[in-house]
Amino acid sequence: MAPLVGLALGASTAQADPNPNLTVSAARIIRTTPVAVSSLNTVPVTVEVDAKYTWPDASPDETLFGILERSSGSGQLTYLFTTPLKRYEGTTQNGKWRGIVNVPSTANGKFELTGVMVGQYWPGSGDMTDPTPVPGVRPVLTVVGTNLPKITARIIPDPVPFGQGYSIRWSVINSQTAKPYGTRLKVALENDSSCVESFGGSNALTDTNGYVTKTYPASMAGALNCLLLPSNPSPLGWLSIGINRPGIVTATPSKTSAPVGSIVPVNGVVMGAPTNCPVYLQRLYGATAWRNVGTAKVRQSSGKFVLNAQPAYKGLLYYRVSFPACYNYRAGVSKTFTIRGL
């Protein structure tokens, strides 16, 4: 999965231009030394922006927010976002704004202050434009993160049968020590679009060993599942997963006997309709060797497919349909069926 906050920013600003009413003349990060931050802590760092916002209906209390983009390093985060920047000098039409960026350990690396937007960090902002670029040499924030969180998940059962609910046992531990943090941690367990749109806070607690288990109904089986580590204004870490499904294949020949060399359509279905996944018609050679003799694709929505068998000689021929592992579907095979060559 791509980083969630990166997806969120891209989703809100795709195919747009910078706000024509906002110009930025300068920006500063009030920190010249690296920021050392450990575990699930954050360190506030002051950010200042000199800007002009000339929209006629702009409020005197209009806020901005800054976007910091990773330029090097290997932490999970691609972007950092400031909390709302409030004007401390001048006017909305020509003023200076100040606020903070809460720096987590997962930012480990270097970030450049690349852009500014009106409002507050999406999804709270209604501004659907691209960020206004910071001119000149962009301020750089260096982060030294230690004891970064590691999130894992175990789905029970795996794969999840169709029509059945499931549980996920989430775990958050210290990646450096491979041990839990030793306290109950606030986390957010979300599904589907809430994984990229809901950063409002926590809705669950781990135990002191870093575990938290949630039960999900069968109706949620097609959705994304995620654990977010809340921070302000966006998560400091996350894990997003989908569930695995069994490969359940049924196949039936249109005829049980046919002249040698003739075409016999074989109709079938892969449960769950994994669109465009391949299926293979296999014929038994000798006592144990199954060989592919045809291929097709699973149709969208219906999960149906059609394969063509062609009896090669007179007598009983054994066939089956094989479905290889595809997307989140496990491999599976149909029951064996026969066609007699005449």
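Helices (H or I, at least four residues) and strands (E, at least two) are DSSP runs, numbered from the N terminus. This is a predicted model, where local features need pLDDT of at least 70 and side-chain atom pairs count only at pLDDT 80 or more, while totals for chains, interfaces and linings use all residues. Residues are numbered from 1 along each chain as its sequence is written, and side-chain values use heavy atoms, with hydrogens and water left out.

1. Let's begin in strand β3 (residues 42-53), which is where E48 is found. Is E48 buried or exposed? E48 is buried, at 10% relative accessibility; buried means under 20% relative accessible area, exposed over 50% and partly exposed in between, using a 1.4 Å probe and protein chains only. The E48 side chain makes a polar contact of 2.8 Å with the side chain of R98. For a polar contact, a pair of N or O atoms must lie within 3.5 Å; within protein, one must be able to donate a hydrogen and the other to accept it, and residues adjacent in sequence count only if both atoms are side-chain atoms.

2. **Around E48.** Leaving out residues up to four places away in sequence, E48 touches A26, A27, R28, I30, Y88, W97 and R98 (contact means heavy atoms within 4.5 Å). Two of these names come up together again: R98 lies over the face of Y88, 3.7 Å from the ring centre. A charge sits over a ring if NZ of Lys or CZ of Arg is within 6 Å of the ring centre and within 35 degrees of the ring normal. There is another such case at R291, with its charged end over the ring of Y285, 4.6 Å from the centre.

3. **The largest core.** A nonpolar core is a set of buried Ala, Val, Leu, Ile, Met, Phe, Trp, Tyr and Cys residues joined through side-chain atoms within 4.5 Å. The largest one has 33 residues, and those touching the most other members are V49, L64, L68, L80, V101, V103 and L141. Which strand gives the most to this core? That would be β3, with five residues. As for L68, its contacts beyond four places in sequence include I29, Y79, V101, F111 and L141. A second, separate core has 22 residues, among them V264, V266, L307 and I339. In soluble globular proteins, nonpolar side chains tend to be buried together.

4. **Aromatics.** The whole structure has seven aromatic pairs. Rings of Phe, Tyr and Trp (its six-membered ring) pair if their centres lie within 6.5 Å; planes under 30 degrees apart count as stacked, over 60 as edge-to-face and the rest as tilted. Y166 and Y216 are stacked, because their ring centres are 5.1 Å apart and their planes are at 10°. This pair links distant parts of the chain, with Y166 in strand β12 and Y216 in strand β15 (residues 211-216), 50 residues apart. Both tyrosines, Y166 and Y216, are buried. Elsewhere, F65, Y79, F81 and Y121 form one aromatic cluster.

5. **Disulfides.** There are two disulfides, each being a pair of cysteine sulfur atoms within 2.5 Å. In C195 and C226 the sulfurs are 2.2 Å apart. C195 sits in helix α2 and C226 in strand β16, so this pair ties together parts that are 31 residues apart in sequence. C195 is buried at 0% relative accessibility, and C226 is buried with a relative accessible area of 0%. The other disulfide joins C277 to C326, S to S 2.0 Å. The C277 and C326 link is left-handed, with -85° about the S-S bond, and both of these cysteines are buried.

6. Worth a look: the peptide bond from D158 to P159 is cis, with omega near 5°, and P159 is in the loop between β11 (149-156) and β12 (166-174). The N232 to P233 bond is also cis, with omega near 10°. S39 has a positive phi of about 60° although it is not a glycine, and S39 is buried, with a relative accessible area of 15%. D192, also not a glycine, has a positive phi near 55°, and at 48% relative accessibility D192 is partly exposed.
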